[in-house]
Amino acid sequence: MDYDMLVIGSGPSGRRAAVQSAKLGKSVLVVDRGRRLGGVSVHTGTIPSKTLRETVLNLSGWRERGFYGRGYRVKQDISVADLIERLHKTLDHEVEVLQHQFMRNAVKSVRATAKFLGSNKVGLTTDNGDHSEVGFANALIAVGTRPHRPRDVPFDKTRIFDSDEMLELDRLPRTLTVIGAGVIGVEYATIFSALDVPVTLVEPRNTILDFVDREIVDDFIHQMRDRGMTIRLGSTVKEIASKPDYAEVTLADGRTIRSEIVLYAAGRSGNLGSLGLDVVGIEADSRGRIKVDPQTFQTSVPNIYATGDVIGFPSLASTSMEQGRVAACHAFGVALPPPPETFPYGIYAVPEISTVGQSEEQVRESGIAYEVGVARFRETSRGHIMGVNSGFLKLLFSVDTRRLLGAHIVGEGATELIHIGQAVINLGGTVDFFVNNTFNYPTLAEAYKIAGLDAWNRMGQG
């Protein structure tokens, strides 16, 4: 059978492309080799790690420690079973919602491995070895990524784990070493630290999270160190060894780190293994990323698109969804306005980080005269009520146009609060918006008013 749109992968971008194509009245088949729909996002990535984080914060009483002290806990003995119970409930619900969405929109799905046989045909192989061929007018590659696993790292799921395998722990580690201080590394490192597990974070570069405003990152590192985490920046790993009773990481400078387990979280690679891209002439880089037109998401073969993590930065579920929708609309000739230049980036560490627009470093490089407004959450009444004693909001304004250029937050609720900054930036709003508007009181969002006034007092009236 032939389909108007064949989607390979059912993560955020594949799902959105499939439903958008169906809404346009097209026939759609989604192929996924996983046991259940949802892709990496639902089963090993976004949803599990965020669910784990929420469960840890709730059961550990982390959010209340500002009031009751660092020794406070809601549940004294937290086990892996406590974490997994909530995880499975959440994942089951996500899969149900997705299945219902496909059913409602007449999107067909099949569990199989896809391999391109030409620019309009794929071969499908099920787990029990059944083969079939399917034709398509357009195809979308949305296969996502998997953890990068170098050959010299002895992964064994006993002492040394990748980020997918961390969801299969049979008990909480007494000590943990995380190698790689990217988004995934810092999320897991801080989540386990919130459970009072001693954590060492190792990163070969001298800086972390380079796309985030430096002042935010500096505060984040300070908060991690303040609660007892060991952070080794500029430390190259020479060797990782799995011993009977511990894992040992040897650094290039000769120092060793021993811990019960090691999480290796240094990058991810595209899931391209069995796709047969060479048949259609689509090339991928050394990390399995496909190059696409940034406006249309077409690959070098015009009727074959690629979206989501497999095309690289920013590798966010939110941007991936939008990429899938844009690709489907382009495939069927639906014109879309250009997307806004800025989108929010959320890092679900403890504490959260979220950012939109330009960092202070970027504004400085551009040569624009600017002013900064800062509000610390502990200065807000809502912060007092919540027992929040850290975290802040930073706003950057152009002195000439008074427009908001960037908003950056570290602290409780950052990923929710950032959308106010996003709206103001994309609507061309100025510092006067924050000064002249009333915000609910007491809220953390009131920090926007405080930061706006902070900048306005130095900028003066326009």
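Mentor: Let us begin with a term: a salt bridge is a side-chain nitrogen of Lys or Arg within 4 Å of a carboxyl oxygen of Asp or Glu. In this predicted model, the side chains of E352 and R53 form a salt bridge, with 3.5 Å from N to O.

Trainee: How many salt bridges are counted between domain 1 and domain 3?

Mentor: The count is one. The domain assignment gives domain 1 as 3–147 + 269–332 and domain 3 as 351–459, with domain 2 at 160–266.

Trainee: How is the size of such an interface expressed?

Mentor: It is often given as the accessible area lost when the parts come together. Here, domain 1 and domain 3 bury about 460 Å² between them, and carbon and sulfur atoms give 39% of that area. R53, R63 and F67 supply 76% of the area that domain 1 buries against domain 3, more than any other three residues.

Trainee: How many residues are in contact on each side?

Mentor: Four residues of domain 1 are in contact with seven of domain 3. The centres of these two domains, taken over C-alpha atoms, are 33 Å apart.

Trainee: How should I read a pair of aromatic rings?

Mentor: Such a pair is described by the distance of the centres and the angle of the planes. The whole structure contains eight aromatic pairs. One of them, F155 with Y264, is edge-to-face, at 5.9 Å centre to centre and 85° between the planes. F155 lies in the loop between β7 and β8, whereas Y264 belongs to strand β15, 109 residues apart.

Methods:
Residues numbered from 1 in each chain as written. Predicted model: local features only at pLDDT ≥ 70, side-chain atom pairs only at ≥ 80, totals over all residues. Heavy atoms only, no water. Domains from an automatic or database assignment. Contact = heavy atoms within 4.5 Å. Buried area = accessible area lost by both parts, 1.4 Å probe. Phe/Tyr/Trp six-rings, centres within 6.5 Å; stacked < 30°, edge-to-face > 60°. Helix = DSSP H or I, 4+ residues; strand = E, 2+ residues; numbered from the N terminus.
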